[in-house]
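Below are some notes for a colleague opening this structure for the first time. Please read them with the model in view.

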Amino acid sequence: MANATNGHPATTHSHAADLFADMGAQVENMNSTGVDDELDAKVTDEIESLCMNCHEQGTTRLLLTRIPYFREIVLMSFSCPHCNLRNNEIQSAGEIQPKAAKFAFRVDAVEDLQRQVVKTDTCIFRLEDLDLEIPPGKGRYSNLEGLIGTVREDLAAHQAERMAQMPEVGEKVGKVLEALREMLEGKRVPFMISVDDPSGNSFIEPRPGDARGKWAKVEYVRTAEQNEVLGLGNGEAEAEGDAQTNGTAAPKTDIRPEYHASGLVGGNDTTQAQAGNNVDAPPPDDDIIENNVYSFPATCPGCTHPCATNMKMVSIPYFKQVILMSTVCASCGYRSNEVKTGGEVPEKGQKLTLHVMTAEDLGRDVLKSESAALWCPELQLRVEPGTMGGRFTTVEGILTQIRRDLRAQAFGLEDGDAPDVSTHDSMTSDSKRTWDSFFADLGDAIEGRKPFTMVLEDPLASSYVQSFTAPEPDPQIEVLEYERTEEEEEDLGLRDIRTEGYESDAERERVEREDAKRIEGEEVEGESIEAP
């Protein structure tokens with residue numbers, strides 16, 4: 001399910017607000033009624049269900065609730081009075097998100113194991129240090145301690161039989177069980193966990209003031225296979241078939257227009273598309289002209305239908321040329337805006353530090369590239385690379401966007417700018433006070449009442465902060481170049497890039513292919529001669 005239906009954007013009010021309430025609100029409403037009748041006081045729905053263990057009738061209880069920092073879910077509990085079988089799981093009741101999401105979290109102390117975790121039935125849970133992966137399966141709503149404990153219990157269930165029948169395998173599993181026990185007791189820290197969900201509905205709880213590299217979220221476009229699993233399409237074949245039917249199929253990768261400027265909308269065969277998208281034709285020499293809008297076909301990450309992506313190249317004074325990209329899907333209403341920087345990869349990364357002292361500083365233009373991390377020490381705010389994508393806005397604009405996104409998650413709001421009217425939820429009082437204090441400081445900074453420092457650390461040196469004294473140095477901006485770490489170069493794929501010697505490798509591969517064809521031809525000719 002995408003953000004809108006029938007080609008129109010989703011409405012601001014959701015019926016989920018009428019059906020889903022947080023647990024605290026439901027209990028409070030139950031207590032305030034003053035009803036003694038147990039049947040009238042129930043907040044769960046009960047239905048009879050077949051027990052798959054003894055094939056008698058059991059009871060399934062459903063609770064529709066909302067999770068702080070997250071969205072709506074359905075809690076399901078089954079119990080059978082005949083064989084005492086019990087089963088608990090969750091299902092996401094929210095919409096499938098436009099993009100898949102991957103979370104990474106570093107456990108530094110035992111207290112971190114209390115972070116809330118939502119694991120849907122399409123999610124892959126990994127303990128990176130042990131290279132232990134839990135494939136998609138039953139949904140869970142728990143904390144890290146409960147999730148890791150469940151993994152340990154499942155592995156230990158048949159350890160005795162395993163040791164008797166396969167001692168070598170049992171010994172290896174025993175080492176994993178010991179490592180899991182040490183993790184739960186805090187004796188084996190730090191360690192990394194990750195949650196990868198194609199539906200985008202899994203979650204690890206963040207907290208204000210998390211250190212660098214402790215919590216990270218990355219959104220990515222789903223593959224055709226992932227869309228098929230989620231029921232968004234019958235794989236790549238169906239997506240291409242539907243596109244061919246209505247005549248809007250995106251071309252194959254090897255001839256896609258974004259790789260060949262001559263194929264951009266506005267060319268010889270795209271007059272109709274050009275008029276529909278109100279774009280300019282490319283010049284005769286196939287060069288992209290600044291401030292002209294070009295369009296090329298793409299596939300919507302939300303519903304997999306064909307859509308259009310518009311592109312415009314602009315030049316930022318005293319910086320470089322950047323490309324603004326906007327995607328709009330007429331089928332589901334999906335919208336996205338991104339900023340891409342070009343040019344060669346610099347030898348060093350860059351760290352920009354802006355001291356925001358006055359209201360005028362809030363109006364400075366800021367380009368945060370997708371590879372940049374942003375943090376404000378005075379506000380206990382940190383945004384990891386890849387979390388927000390590329391943004392070209394102002395200091396005030398980027399802080400406002402961060403506040404909107406975090407408030408919507410933290411307080412379960414449809415609109416992150418709306419006032420928080422919820423007074424009862426499953427968020428602890430300490431966590432509620434922490435978030436209230438965090439948003440109060442962030443609001444003061446946005447309104448210009450609190451000076452702060454904004455730092456952009458970009459290993460690709462593709463971020464920018466507007467200088468009021470350009471081309472002379474700005475006293476409120478500090479620019480520092482630094483050597484990239486091995487981890488940064490590995491994440492960016494720079495260690496796999498070859499800039500020298502690749503011509504000889506290509507020539508050698510060509511000669512080997514020709515020799516292989518010649519040998520194959522000689523063998524076929526020899527077989528034909530020997531035949532009677």
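1. Three strands, in the order E21-E18-E23, make up an open sheet with antiparallel pairing; strands here are DSSP runs of E with at least two residues, and helices are runs of H or I with at least four, numbered from the N terminus. Because E21 (391-394) and E23 (464-465) each have a single partner strand, they stand at the edges, and one side of each is left without a neighbour in the sheet.

2. This is a predicted model, in which local features need pLDDT of at least 70 and side-chain atom pairs count only at pLDDT 80 or more, while totals for chains, interfaces and linings use all residues. Residues are numbered from 1 along each chain as its sequence is written, and side-chain values use heavy atoms, with hydrogens and water left out.

3. Strand E18 (residues 365-368) pairs with E23 in the antiparallel sense over two bridges, pairing being defined as at least two DSSP bridges between two strands. Within this pair, Val-366 stands opposite Val-465 of E23.

4. Leu-492 lies in helix H11 (residues 486-492) and, at 31% relative accessibility, counts as partly exposed, that is, between buried (under 20% relative accessible area) and exposed (over 50%), with a 1.4 Å probe and protein chains only. Leaving aside residues up to four places away in sequence, Leu-492 touches Ser-371, Pro-459, Leu-460 and Arg-484, where contact means heavy atoms within 4.5 Å. Of these residues, Pro-459 is 33 residues from Leu-492 in sequence and 8.7 Å away in space, C-alpha to C-alpha.
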